[in-house]
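Reader: I would like to learn how to read a model of this kind with some care. Could you take me through its main features in turn?

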Amino acid sequence: MKKRGSVRGKWHSWWPVLGVVAALLVSAAPAHAEIIADAGPDQHAYVGDTVQLDGAGVDLSGAETHFFYYWFMYAVPSGSSASLSNIFAQNPTFVPDLPGDYFLTLYTQGRRSWVLSHPDTVVVHVTQAPVNEPPVADCNGPYIEPATSWAGALVTLDGSGSYDPEDDPLTYSWKIGADEIGTEPVVEYPFPIGETEVSLTVTDPSEESDTATTSVTVTVIHVAIDIKPGSDPNSINLASHGVIPVAFLTTVQFDASEIDPLTVTLKGEDFSGLVRLRGKKQAPMAGMEDVDGDGDLDLVVHLETENLALYELDEVCELGALTYGGLVVSGMDTIRLVP
Ligand SMILES: [Ca+2]
Ligand SMILES: [Ca+2]
Ligand SMILES: [Ca+2]
Ligand SMILES: [Ca+2]
């Protein structure tokens with residue numbers, strides 16, 4: 001079998017040739033049209049881009065306003081299998097698969113006169129797309145915040161140290177487990193008491209991403225508590241209509257005078273309502289004294305048994321309070337309920 005010559009062997013490459021042959025046959029007829037083809041300006045593209053050709057036709061005589069188009073991809077980089085989406089379209093596309101120059105030729109033909117233009121050529125210069133570097137996530141942890149309520153604390157997470165090597169614009173996704181809690185570089189979120197893992201994923205426009213994780217720890221100030229200082233076991237008769245003294249002990253780390261006595265409560269409950277009030281000013285029944293004889297002053301508050309009776313008390317009694325600065329303190333002691 002003979003080779004088909006130098007023209008590319010794809011069947012659709014032959015259609016423009018047939019058009020040209022047809023035009024030559026018809027061009028014997030008298031025609032006034034003078035058709036010019038314009039294959040558009042040369043272009044630059046990256047491998048894998050979709051290149052759109054910009055074909056046009058004009059009739060210098062003004063007689064023709066509608067045209068046929070015949071595109072020819074007559075030279076491509078060695079090994080390329082790129083092909084045109086539609087060789088008869090005015091603006092066909094192709095996807096270059098190798099770097100190098102792609103030469104395309106356009107013939108334009110008048111629809112009424114069948115007069116064919118000279119060919120016009122466009123070159124599409126194709127290079128490898130620049131390599132994209134992934135962004136780098138920075139969630140700036142670990143975060144440690146004191147609790148301001150039994151629910152925890154509002155914590156500000158700052159991921160603005162994240163960056164992209166090409167300075168691409170980034171999208172942000174903060175998550176606890178699978179739950180998204182924010183999409184800004186800096187977010188504020190309420191965290192519970194204890195340690196919570198958070199992650200930050202940053203993504204660039206090429207869908208390259210990076211994830212960093214850190215922990216958010218919301219702390220409470222742990223204090224030593226002595227229910228009924230001086231007695232053990234700590235027997236409580238909830239029907240007694242009396243008061244129960246509770247001491248919050250001062251340590252090297254914590255000065256019990258920082259506690260607001262009005263806020264003493266059972267763990268998890270509202271910070272009010274347990275301490276006995278007295279006098280016209282309804283002052284809390286509380287004072288500083290050294291209940292354990294170690295030389296520093298401890299806070300002693302007197303809680304209403306009637307108020308305590310509103311709750312179901314366990315053998316281990318956990319109490320809490322707020323400091324005057326608004327931070328949560330918590331401690332526990334055992335009790336023995338007696339009838
Ligand atoms: Ca990038
Ligand atoms: Ca005791
Ligand atoms: Ca002490
Ligand atoms: Ca003491």
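Reader: What is the mean pLDDT of the protein chain, and what share of its residues reach 70 or more?

Author: This is a predicted model, and the protein chain has a mean pLDDT of 91, with 91% of its residues at 70 or more. The exception to keep in mind is residues 1-11, where the pLDDT is below 50 and where the stretch has 4 contacts in the model beyond near neighbours in sequence.

Reader: How many helices and strands are there in the protein chain, and is it spread out or compact?

Author: The protein chain holds 2 helices and 27 strands. Its radius of gyration is 42 Å, whereas the globule rule gives 20 Å for 339 residues, so the chain is more spread out than a compact globule. As for burial, 28% of the 339 residues count as buried.

Reader: Which residues have the most contacts inside the largest nonpolar core, and where does this core lie?

Author: In soluble globular proteins, nonpolar side chains tend to be buried together. Here the largest nonpolar core has 41 residues, and those with the most contacts inside it are Val246, Phe248, Leu299 and Val301. Both domain 2 (143-219) and domain 3 (222-337) give residues to this core, so it lies between them. Apart from it there is another core, of 24 residues, among them Phe72, Met73, Leu116 and Val122. To return to Val301, leaving aside residues up to four places away in sequence, its contacts include Val246, Pro261 and Met285.

Reader: Which strands pair with β24, and in what sense?

Author: Strands of a sheet pair through backbone hydrogen bonds, either parallel or antiparallel. Strand β19 (residues 243-248) pairs with β24 in the antiparallel sense over 6 bridges, and isoleucine 244 has leucine 303 as its bridge partner in β24. Strand β23 (residues 286-289) also runs antiparallel to β24, joined to it by 4 bridges, with glutamate 289 partnered by aspartate 298. Strand β24 itself (residues 298-304) is mostly covered, as 6 of its 7 residues are buried.

Reader: In what order do the strands of the open sheet come, and which are the edge strands?

Author: This open sheet is formed by 4 strands in the order β16-β26-β25-β20, with mixed pairing. Its edge strands, β16 (221-222) and β20 (265-266), each pair on one side only. Strands β25 (residues 316-322) and β26 (residues 328-334) run antiparallel and are joined by 7 bridges; glycine 320, for its part, has serine 330 as its bridge partner in β26.

Technical notes
Residues numbered from 1 in each chain as written. Chains lettered and ligands numbered in written order. Predicted model: local features only at pLDDT ≥ 70, side-chain atom pairs only at ≥ 80, totals over all residues. Pairing = 2+ DSSP bridges. pLDDT = per-residue confidence, 0-100. Contact = placed C-beta atoms within 7 Å. Rg over C-alpha atoms; globule rule 2.2 N^0.38 Å. Buried ≥ 20, exposed ≤ 12 C-beta atoms within 10 Å, placed from the backbone. Core = buried A, V, L, I, M, F, W, Y, C linked by C-beta atoms within 7 Å. Domains from an automatic or database assignment.
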